[in-house]
Amino acid sequence: MAHNSRITLPPQQAPQQPWKHLWQQTATHLPDTDNGRGGVVVVPRSGRVNKLDAELLDDEVAGMIRDPVSRAFSLVDSRFVDRYRDEVDAAIGAALFALSAGSARRRATYGQMVQNLEYARTGRGFAQRMWMLGLVTVVGRYAWRRAVAALSARGWANQPRGSVQARAWSAVQRIERVARLAALANLVVYMGAGQYRTIAERLLRLRLVSARPQLDHSVSFEFLNRQLVWHAFTEFVMFAVPLVNPARVRAWAARQLRAVVGISAAAAVDPAIAALPEDVCAICVATTESSGAGVDVGIDADVSVDSGASQSPHRAVNPYVTPCAHTYCYVCIKTRMLAEADECSCLRCGSHVDRIYQAC
């Protein structure tokens with residue numbers, strides 16, 4: 001008798017991988033670690049550079065408003081802005097502060113908003129401390145500038161030593177030096193702690209923090225590199241441009257162009273200039289003619305070819321002679337040689353002039 005029997009095999013288990021075993025052991029400790037933290041959330045600290053850049057941005061905003069305001073007032077009185085520059089700056093600064101950090105809805109200036117910063121609402125009397133900050137930074141700065149300007153205008157700095165005015169001026173100078181030293185010390189502390197940029201913020205306990213910590217406001221290295229390179233290039237250009245002689249550049253460009261095209265370097269000679277007496281400076285005559293003074297460079301009553309010495313007002317002063325034996329004023333020919341370098345040529349004959357000699 002045949003029996004139908006089925007053989008049941010035990011289920012085949014998948015091979016256990018080593019990382020799964022390690023994960024199971026580690027996962028048992030994760031809840032304990034989370035509970036031990038007590039729900040503390042780590043908030044990233046705002047960068048020190050961002051806080052300093054916010055101050056620069058505030059100055060740029062004030063400058064952007066100052067320019068159209070100055071142009072508007074200049075239509076009424078051209079000297080208004082020069083006389084009341086401090087008042088205009090104080091008014092612009094007060095308006096910007098009142099609309100930004102002084103407002104109940106905002107806790108930061110416009111530059112700080114761009115940098116994702118705001119003042120931390122900590123301690124009592126936050127609104128009062130913010131208005132105190134505006135009074136110190138805007139009104140206090142304006143009052144100090146006006147006071148120093150008034151004392152300087154009255155000549156207190158030049159009063160005899162020992163007088164009341166001289167002692168008051170010395171006290172003002174000492175206060176300014178102490179303020180600068182305190183600002184420097186605060187900057188050193190700020191670079192280490194990164195909390196209070198200015199002395200006013202430190203005294204009022206107003207600290208800048210990230211407005212939205214989840215936003216990363218980091219600047220890429222490529223952008224910083226481009227900014228540094230461009231800044232260095234502009235500084236070099238501003239240094240080098242005053243040293244460039246445009247006349248030398250034009251002479252060099254003309255020489256290179258003639259060399260490429262194959263044009264002769266011989267200069268054209270004006271017959272009227274060539275006919276001038278020997279003791280007349282051709283450069284003086286050519287300069288006067290080009291200025292439109294109506295001087296005839298040819299032969300006239302004042303300039304006679306037959307006479308041995310002319311009575312022309314363009315007679316060479318401190319005469320120097322070129323290698324082609326033509327006479328010029330020392331200042332005229334030397335200036336022309338310095339301006340045109342090795343492209344200097346004689347106006348009378350077109351010869352190349354590379355050196356000069358004092359006339360006997």
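## Surface, sheet and confidence of a predicted chain

In this predicted model, the chain exposes about 25300 Å², of which carbon and sulfur atoms supply 61%; accessible areas come from the Shrake-Rupley method with a 1.4 Å probe, and for residues only the protein chains shown count as cover. Of the 360 residues in the chain, 25% are buried, meaning under 20% relative accessible area with a 1.4 Å probe, protein chains only.

The chain holds 14 helices and five strands, taken as DSSP runs (helices H or I, at least four residues; strands E, at least two) and numbered from the N terminus. Three strands form an open antiparallel sheet in the order β4-β3-β5. β4 (327-329) and β5 (357-358) each have a single partner strand, so one side of each is left without a neighbour in the sheet. Strands count as paired if DSSP finds at least two bridges between them; three bridges join β3 (residues 319-321) to β4, with Val321 opposite Thr327 in β4. Helix α14 (residues 330-340) packs on the sheet, touching β3 and β4, and its direction makes about 90 degrees with that of β4. Axes are lines fitted to C-alpha atoms, for helices over the stretch in contact, and angles run from 0 to 180 degrees between N-to-C directions.

The average pLDDT, the predictor's confidence in each residue from 0 to 100, is 78 for the chain, and 78% of the residues score at least 70.

Residues are numbered from 1 along each chain as its sequence is written. Local features need pLDDT of at least 70, side-chain atom pairs count only at pLDDT 80 or more, totals for chains, interfaces and linings use all residues, and side-chain values use heavy atoms, leaving out hydrogens and water.

Conventions: Buried < 20%, exposed > 50% of the residue type's maximum accessible area, 1.4 Å probe, protein only. Contact = heavy atoms within 4.5 Å.
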